[in-house]
Amino acid sequence: MMFTAPADEKELQAALSQADERTYLIAGGTDLLIHLQNRKETDCSFIDLTKVKELQGIREEKDWIDIGALVTMTELCASPLVKEELRALYLAAYHLGSEQIRNRATLGGAIANASQSSDCSVVLFAYGALVEIFSAQGERRKVPMDQFIKGREKTCLDRGEAVSRILIPRQERSSMFGKVGARKAVTIAKINCAMDFRMEEGLIQKASIYLGAVGVKPVEARLLENYFQGKSFAEIALQDVQELGKEEVEKAIPTRPSRFYKRVAVQGLLEDMIGALP
Amino acid sequence: MKQFKYIGKRFQREDSLERAEGKTKFLADCKRLNMLYGKLILSEHAHADFQLDTEEALKVPGVYKILTYEDIPHVAYNSMEWFTGIQAQRDEYILNERARFVGDRIGLILAESKEACEKAWCKVKVQYQDLPVVADLQTAQEDRILVRGKTNLAYEKNIGYGDLANAEAEADFIVEDRGSTPRTHHLAIEPHIAMAEVDDFGNLVVYSPGQVVFAAQMQLSRILHLSYARIRVIKCNMGGSFGGKQQPLLELTAGVAAWLTQRPVQIYMNRRESMIGTFTRNGTEARVATAVRKDGKILERKVDTCFDGGAYDTNNTSIVNAYAKKLFRLYRIPAQEFHGRAYYTDKTPGGACRAYGGPQNHAITEVNIDHAARVIGMDPCEFRLKNLVEPYDADPVGGPNLGKAAVKECLRKGMEAFHWKEKYAHIREQNNDRYAYGVGVACADHGNGYFGAFPEFTNVEMILHPDGTALVKIAVHEQGCGTLDSLRLTAAEALDLAPEKITITEADTLLTPYDSAGTQASRVTFVSSGAILQAGNQLREKIFQTLHEVEKIEPDLLYTDNGTVKVKGSDKTYTYGEIATLREKKMFDPLSVYIHYEPHSNPAAYAVSFAQVKVDKKTGLVEVQKLLAVHDIGQAVNPTLVEGQIQGGAQFILGMALSEELVYDSKGNVKNSSLSKYHTLNVQDMPPVDIILVESHDESSPFGVKSVGEMSAVAPGPAVVNAINHALGTELTDYPLTPERIIEALEQKG
């Protein structure tokens, strides 16, 4: 067993080049520790990312909001930039887990874990975010979210690679997130949804809508996107949206036993989200 | 009504600050020189023969031994037995040869550290040869696959009274419901744990955060063939139990391991192990048929219930009997019949769980009562008022008299405070496409100890020290509900001494007097207060007698005043401490008494809950907006603690009503053995609990007290279910009412 805690990208590079198939990258640990326990893994090595300074902080750039992989849910919620410009991400971070989890769980970890019900993933899909991946060779590549997450708990990360930053394109936007879990708080989504609208003169120029927990990874809700396109918020008819939402769920999980519940729950979810739009 | 000096007043718990500050030491904080840690290997298959491959695990540095069935005394026991007079079916072993449920004990890792235990546990390989599995009551009843022996039927009971045929002939309607209640887990904050060591004199000492030290001593004596005198079981600090630690478990594992290794051993569990590898509330499936007359009179009731007993016999007899008992003490019904059957299944054994059978029983019967009220078109409260028991009614199946039953008063007071009539008539006017609103009510009864069923007594030694403090040696187990604080107030009242001068002990088989049954059956406040009152009275007499004999003062002139004795018509004052010294010096006798106490009654405790809900018809989520709990408490000893019990009890049972359920697949795997998947109501979902205490002062009870801790965990469940059915116009009877079940019911309704 090896434990290294690199302080910067250079040291991270060295650590990543030593990584073998039993080396885990750990940030908040809120998912990893549970996985390791379930898998009964003992003789493994860890690279603790939490000290790597280049992986921290939220940067405001002209075309991007650039979020370090180590930024925690609590930090996302505390950022005025995220709160104002990335409403969906703010809401997802705010409602994730418990206070204690939010203090440790990181955005990079949330997507690297690639849980099918991840609240952050569905939001980043809707935003069309890019994931910056840093390698043992010191190279950086940028991968769109839908290529980054390949399936249930599967990503395109190779050995010797780490998520370094998440880039969200800036635009005149209005975004929204919602989820339905087993209870009001501290709950894993049974179904979640993120909407990102590019706005122009009060009209939706482009709608990007994803549903989560209705497949191995977030599913693009094309019927809904088409419906929203070109409309103003005032023109949206709730019943139409609910009907399309139901169709989306039936399309996404035509055989799962959970569809009976989710095709109704999605209607409640969409009602709440539409109601919260400006 | 008698005016009390201490009882009925609000006192803060003595240990609340140290608990809040995290200073309280629990067993997991305790260490011993050379102590071994122990972790059980629990079966991952529900029914299987197995081979353990421990080769790699034994190579982990620090691993001491891995014990299996072959290394352990082969003595069967039943963990529910609490004294030798109960001879239940004995089929449990410290470690098992064959696995009978997911979570069954198949090995024990002993190591120098927890880390080594955990690492070794990861490296133990288990080869299973699967056997057919009985994973549900339906399969169990078919007897096609047998858990053991010739039938899965473990225990059967028929009990009833009255003229059933006559009642049915007179009835206008027979209202029938079928329903089920889930297996739930107690979820004490502290997972199961125990520690044992061999002392300098070769005696086995066991530390138990449990409810029954004398039972643990008895079980270990049988298993180890060791005399009682050489086994000492000490109740230590506990982080909650709710019945989950009422059957000795790790106490026995630790005791045996310490005895075999002659080293201190601490056996611990994590959350998952505690959830699958100990005990759960028995799941039930029930059919209730109630015969009613149009005018609202209940004529007859038939209840037929199957109990999911789990893999070992444990509490099969207790759960059926405890469930049955509560059917006969709530409504005046001329004829009733109960048929109960407990079955073995390849699941975690059933065990005691807060309110023992009451939550399962009232879960269905109280929904059925509402159903019957609907059928005859009567307000469910009025219907109940017409049929509830009256004070001093007899128990129709020969149990103890109901005593000063104040359930009707509870219902009336609750109706008024809740604005029942108005809400019941109008709340649904708020309904819209998304949300439905409703109100519900439910009543419930519970007992006060074992009188009428099992030996019921306790002994107490009460000592007044020369420094003016009092020690009350009594075998009680503080479970976190404030038992010690309550008893201190009763002792303060009995002795006329400030509570802070009184120490109440916790159970220790070596030091505290024998007690008949441990901290269970809602017996502690009722029985122990009686014992303390009797001891206090005798001790006060001794105080007067001392002054009479030594100081030649007529007893009639003496009276107590807060730890002193005063003499009428004189300014002379003696402190209790001075009197203790006088007695020892002049009479060669300490100022103490040792008494035996038996209660001679077992009045019923009652509770009525009112709930208001808002149901999301799209997500199926239920918000309990209001909850009112009205309790026939007899006399609150410390209202602050009583309210705490009622709030906690509501949270406990609302979980069973709305979200808590151990879900099993057809192979007997538990699908939600973690808190991320097993949902209790957390703080955001928990409504404030309004409380009304009805102090009926039962004359047969010491200070008039009645039970509350278990009683509080019953009525809120069916009250919420009745409210949901009121809101939606459904007839849901399968607990818990999860969002999925609610949506399914709404879809079916169309």
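1. Two residues are in contact if their C-beta atoms, placed from the backbone, lie within 7 Å. By that criterion, 17 residues of chain B touch 17 residues of chain A. Helix 3 (114-123) and helix 19 (739-749) of chain B each supply at least two residues of the chain B side. Helix 19 of chain B gives the largest share, four residues. Helices (H or I, at least four residues) and strands (E, at least two) are DSSP runs, numbered from the N terminus.

2. A note on the source: this is a predicted model, in which local features need pLDDT of at least 70 and side-chain atom pairs count only at pLDDT 80 or more, while totals for chains, interfaces and linings use all residues. Residues are numbered from 1 along each chain as its sequence is written, and chains are lettered from A and ligands numbered from 1 in the order in which they are written.

3. The side of chain B that touches chain A divides into three nonpolar, six polar and eight charged residues. Here Ala, Val, Leu, Ile, Met, Phe, Trp, Tyr, Cys and Pro count as nonpolar, Asp, Glu, Lys and Arg as charged, and the others, Gly among them, as polar.

4. Helix 3 of chain B also has buried residues: B:Ala116, B:Cys117, B:Lys119, B:Ala120 and B:Trp121. A residue is buried if 20 or more other C-beta atoms lie within 10 Å of its own, exposed if 12 or fewer, and partly exposed in between, with C-beta atoms placed from the backbone. Their cover includes strand 1 (36-42), helix 2 (55-58), strand 3 (63-67) and strand 4 (105-111) of chain B.

5. Chain A has 12 helices and 14 strands. Its radius of gyration is 19 Å, close to the 19 Å that the globule rule gives for 278 residues, so chain A is as compact as a globular protein of that length. The radius is taken over C-alpha atoms, and the rule is 2.2 Å times the number of residues to the power 0.38. Of the 278 residues, 46% count as buried. Among chain A contacts between residues at least 6 apart in sequence, 62% join residues at least 24 apart.

6. One open sheet of chain A has four strands in the order 11-12-13-14, with antiparallel pairing. Strands pair if DSSP finds at least two bridges between them. Strand 11 (173-180) and strand 14 (219-220) of chain A stand at the edges with a single partner strand each, so one side of each has no neighbour in the sheet. Eight bridges join strand 11 to strand 12 (residues 191-200) of chain A. A:Met176 stands opposite A:Met195 in strand 12 of chain A. Helix 5 (residues 87-94) of chain A lies across strands 11 and 12, at about 25° to strand 11 of chain A.

7. Look at A:Asn192, in strand 12 of chain A. A:Asn192 is buried, with 28 other C-beta atoms within 10 Å. Beyond its neighbours within four places in sequence, its contacts include A:Ser117, A:Asp119, A:Gly178 and A:Gly212. The C-alpha atoms of A:Asn192 and A:Ser118 are separated by 8.5 Å, though the residues are 74 apart along the chain.

8. In chain B, helix 10 (residues 358-376) and helix 18 (residues 716-728) pack at about 35°, with their axes 8 Å apart. Axes are lines fitted to C-alpha atoms, for helices over the stretch in contact, and angles run from 0 to 180 degrees between N-to-C directions. The contact of helix 10 with helix 18 of chain B has five nonpolar, four polar and two charged residues.
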